[in-house]
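User: Hi! I am new to protein structures and would like to go through this one with you, one question at a time.

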Amino acid sequence: MISVRNLNFSYADDQMILQDINLEIEDGQYVAVIGANGSGKTTLIRHFNALLRPASGDVLVNGLSTRYVKSHPEIRRMIGMIFQNPDNQMVGMTVEEDVAFGPGNLGLSSAEIRKRVDEALEKVGLSEYKTRPPHTLSGGQKQLLAIAGVLAMDSRFIVLDEPTSSLDPESRFIVLEQLKQLNQEGIGIIHVTHNMDELANAHRVLVLEKGKLAADGAPGDIFRRVEWLRDLGLAPPKITELIWYLRQKGFDIREGLFSIQQAGDEIISLMNAHRLKAVNM
Amino acid sequence: MYNPYQYVPGSSLVHKLDPRTKIITVIAFSLVIMQVKLISLLAAAAFIVLCSQLSRIPAARLLNTLRPVMPFFIFLFIIYIFFTAGTPLISLGPVQITSEGLAMGVLQVGKFILLVLAASVLTISTSATTLTMGLERLLRPINKLGGSSYDIAMMVTLALRFLPTLLEEMNNINEAQLSRNSNLSSLGLKGKIRSIVYLSLPLTLNFLRCCDELADAMEARCYRHGVRTFLYELHLTPMDYYLIIMVIITTVLCLIYL
Ligand SMILES: Nc1ncnc2c1ncn2[C@@H]1O[C@H](COP(=O)(O)OP(=O)(O)OP(=O)(O)O)[C@@H](O)[C@H]1O
Ligand SMILES: [Mg+2]
């Protein structure tokens, strides 16, 4: 579990970047973090694995405070992090050695490292690339490799900072499916994104505005507030926007839908209802 | 990009040796060869031929490794044959080639050629990973003196890992600039220098940003000073022990008697 209590943070003294953030993230949750450029998303999630430390307040991971350098290895083992640019997070000369980097830093035996590397690569489907130099992989495969590197450390959470922003739609889909699957296996996901259409799998959405936690709730509740989101400079998911538009036009359609299937079914039943009305007249 | 020094997988005797054995042999060879005279140069050459045979690296492939350094060797040779005092062999106007110069040129350039070949047998028969691991193990004594063999190995690994990325980036920037204007050959010297500055500036900035991100990524994956472990472990076989002892004895004898 990650607990954030009264977190304040600034890079330089004059300007507070994060202000009085309070939240708890249970193990196994899939949390999306959204907000306009510069709202503090990256700054917030870097507190979760102690890359940044609070100016005041506390961040606790399974009860360990990020304040103490002694706890950092354990905290970083539990909270794996994946960065935006896949190229600058690969450190091995081959795919398998890259995955072995984390476990090696934990001081595991080479037999144990071997086991974890093989399992992690199997899970993300990169087993056949084991001995390839990592820079020869595609963008999507590079992010899967980064995920494997985290899995090999046996992390409880995977924190991702816009992991799909440089990927083509197909790779993006593969990475998102992978996250969904890992989440179903019990790994918590914390996913920063600008693309609202990627949030279909999230249990919970955090909205940041100028360093404050502006909203924290179920995706359905957050995305219902279309105009408010627009004011924050965020575009709601296309589906939500479509439904919002239909409601504005006076159609009685259910809110809080954001998978294509749900919305499609809703619209079809609406059309059927109209047809019935027309026949009866 | 073709790299003549690159590892070529294989199953020869030399491929199978522990990297430490090979590194020690190359270091010993370079110590000995500095002492060599013209006659014993032949023995050293014979040793290299033996190694290349045992490693089953095709001769053409091995000789290719000399190509990038050839201009330097030619330059060195010219310096020696023209600027060594002694009995003149041929006179070309004001300059003369002396027999001493010729002997010196052959000897010195021969030494360098053999050194490059020895190092090439090492890099062609050993993967970068194993090579770095061997280096790390050989450097472990410095850990007692407050250094860190792990850090050094990490630096080598990162340098090797990021070289292709860096080259790719350089190509990209270069192409972007070419598409904007210039073909380089039409530029004067000044223009060429300026285009190098234009190339190196974004490259440096990108590189610094890349280092920053890399440091974060490494920290996030629990990298820290102190002991770490590896996917592969190195094992010295009886053959390795035997060869290392032979190499050390031979080297000591050569250094005493040559
Ligand atoms: N290293 C730094 N030093 C000083 N200020 C910084 C630093 N990193 C970020 N900031 C500032 O902190 C604020 C929040 O930045 P942050 O990167 O957390 O935002 P973000 O929500 O991740 O934005 P984006 O969507 O662009 O990634 C911004 O005003 C930014 O200028
Ligand atoms: Mg960011």
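Analyst: Let's start with a term: buried means under 20% relative accessible area, exposed means over 50%, and partly exposed lies in between (1.4 Å probe, protein chains only). This is a predicted model, where local features need pLDDT of at least 70, side-chain atom pairs count only at pLDDT 80 or more, and totals for chains, interfaces and linings use all residues. Residues are numbered from 1 along each chain as its sequence is written, chains are lettered from A and ligands numbered from 1 in the order in which they are written, and side-chain values use heavy atoms, with hydrogens and water left out.

User: Is A:D216 buried, exposed or partly exposed?

Analyst: The side chain of A:D216 meets that of A:R204 in a salt bridge (2.9 Å, N to O); such a bridge is a side-chain nitrogen of Lys or Arg within 4 Å of a carboxyl oxygen of Asp or Glu. A:R204, at 10% relative accessibility, counts as buried. For A:D216 the relative accessible area is 36%, so this residue is partly exposed.

User: Is B:E136 buried or exposed?

Analyst: B:E136 forms a salt bridge with B:R140, and their closest N and O atoms are 3.0 Å apart. B:R140 is partly exposed, with a relative accessible area of 30%. With 3% relative accessibility, B:E136 counts as buried.

User: What is the orientation of α3(A) and α4(A) to each other?

Analyst: Helix α3 (residues 95-105) of chain A packs with helix α4 (residues 110-124) of chain A at an angle of about 125°, their axes 9 Å apart. Axes are lines fitted to C-alpha atoms, for helices over the stretch in contact (heavy atoms within 4.5 Å), and angles run from 0 to 180 degrees between N-to-C directions. Under 35 degrees counts as roughly parallel, over 145 as roughly antiparallel, 65 to 115 as roughly perpendicular and the rest as oblique. Therefore α3(A) and α4(A) are oblique.

Notes: Helix = DSSP H or I, 4+ residues; strand = E, 2+ residues; numbered from the N terminus.
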